[in-house]
Amino acid sequence: MAPERELIRGLHNLRPRHRDCVATIGSFDGVHLGHRAIIAQLRQRAAEQGVPSVVIVFEPQPHEFFSGEKAPARLMRFKEKVLSLFEAGVDRVLCLQFNDRLRSLGAEAFVREVLVDGLAIRHLVVGDDFRFGCDRSGDYRLLQKIGAGAGFTVEDTATVEIDGERVSSTRIRAALEAGDFELAAALLGKPYRITGRVAPGRALGRQLGAPTANVRLHRYRSPLVGVYTVRTRATDGSELAPGRQVIDGVANVGFRPTVEGEGAQPLLEVNLFDFSGDLYGRELAVEFCHKLRDEEKFDSLEILKARIAQDIEDAKVWFARKR
């Protein structure tokens, strides 16, 4: 019987039942086709050995620890990543806090502490460009050497390419920033979306003639900022309205510069076409289709209201052309 899906936060929460597994390590931002190839290999090896599959990730991601606000925007929030890993068939996710101690841990010490003493892995699957440990000193050859003495085997995965270029989170971010949602979807293996729970807002959208479902992004810095055509559904597959599981709409991702001051928190606002109802507390998946314009600061609410009306009309025209 397959183990229950489980998120383990920190080495201190590892228990004897977590030992003996097949594992992989990485950021897995976006859980794209390259990541899914690693996961498929991971699951196959775990099934062959009759043990659970484990993905080891870090919070914050190492490049975020080193670069702070200058780090590239994430493709997904941590919760979305974990759920996507589970949906891909992973049994367990071990999340390690990336801090000064972990940063200074040498490659061999990391393997001993996490992979051997912590998880007692049988086999390790790594990506084609995998490096680890202090100053990224550890590589595939070192893993093989340590594994030979510690009793685990190692294999890497072939690069996944689309149109002759490697599938990567960096390439997906570039596609999103360029508004190329078809390429982003091809690299991800599914349309790019943001998920989140609808929270009460200031009802300003209603005053502006376009009521919105608001999803607070908190500290998450989206790779998208602007106004987009979107398709929205409930993450649990239920109907948003009678007979309607998916509803077209227009969304703004950003900081609402016309109505908010400095230090505003990022927000996803979605106007669903021909919809009236209460979505508070519902968890939505908002799929991005096409960029209409950048986010702007307008001189008055009246000008903003007129621009929103135009955005809605432009979005409806775009959807009509796609049908």
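This is a predicted model: local features need pLDDT of at least 70, side-chain atom pairs count only at pLDDT 80 or more; totals for chains, interfaces and linings use all residues.

Me: What makes the contact between the side chains of Arg77 and Glu80 a salt bridge?

Reply: The N to O distance for Arg77 and Glu80 is 3.8 Å. A salt bridge needs a side-chain nitrogen of Lys or Arg within 4 Å of a carboxyl oxygen of Asp or Glu, so the pair qualifies. Both Arg77 and Glu80 are buried.

Me: Why is Arg101 called partly exposed?

Reply: Its relative accessibility is 48%. Buried means under 20% and exposed over 50%, so Arg101 falls in between. Glu113, at 26%, counts as partly exposed too.

Me: How do you know that Arg101 forms a salt bridge with Glu113?

Reply: Their closest N and O atoms are 2.8 Å apart, and the cut-off is 4 Å. Arg101 lies in helix α4 and Glu113 in helix α5, so the pair ties together parts that are twelve residues apart in sequence.

Me: What makes Glu287 buried?

Reply: Its relative accessible area is 10%, and buried means under 20%. Its salt-bridge partner Arg233 (3.8 Å, N to O) is partly exposed at 34%.

Me: Which strands do Arg233 and Glu287 lie in?

Reply: Arg233 lies in strand β11 and Glu287 in strand β14, so the pair ties together parts 54 residues apart in sequence. Six strands, in the order β9-β10-β13-β12-β11-β14, close into a barrel with antiparallel pairing. The twist averages 45 degrees from one strand to the next. Within β12, Val246 stands opposite Arg233.

Conventions:
Residues are numbered from 1 along each chain as its sequence is written. Side-chain values use heavy atoms; hydrogens and water are left out. Two strands pair if DSSP finds at least two bridges between them. Helices (H or I, at least four residues) and strands (E, at least two) are DSSP runs, numbered from the N terminus. Axes are lines fitted to C-alpha atoms, for helices over the stretch in contact, and angles run from 0 to 180 degrees between N-to-C directions. Buried means under 20% relative accessible area, exposed over 50%, partly exposed in between (1.4 Å probe, protein chains only).
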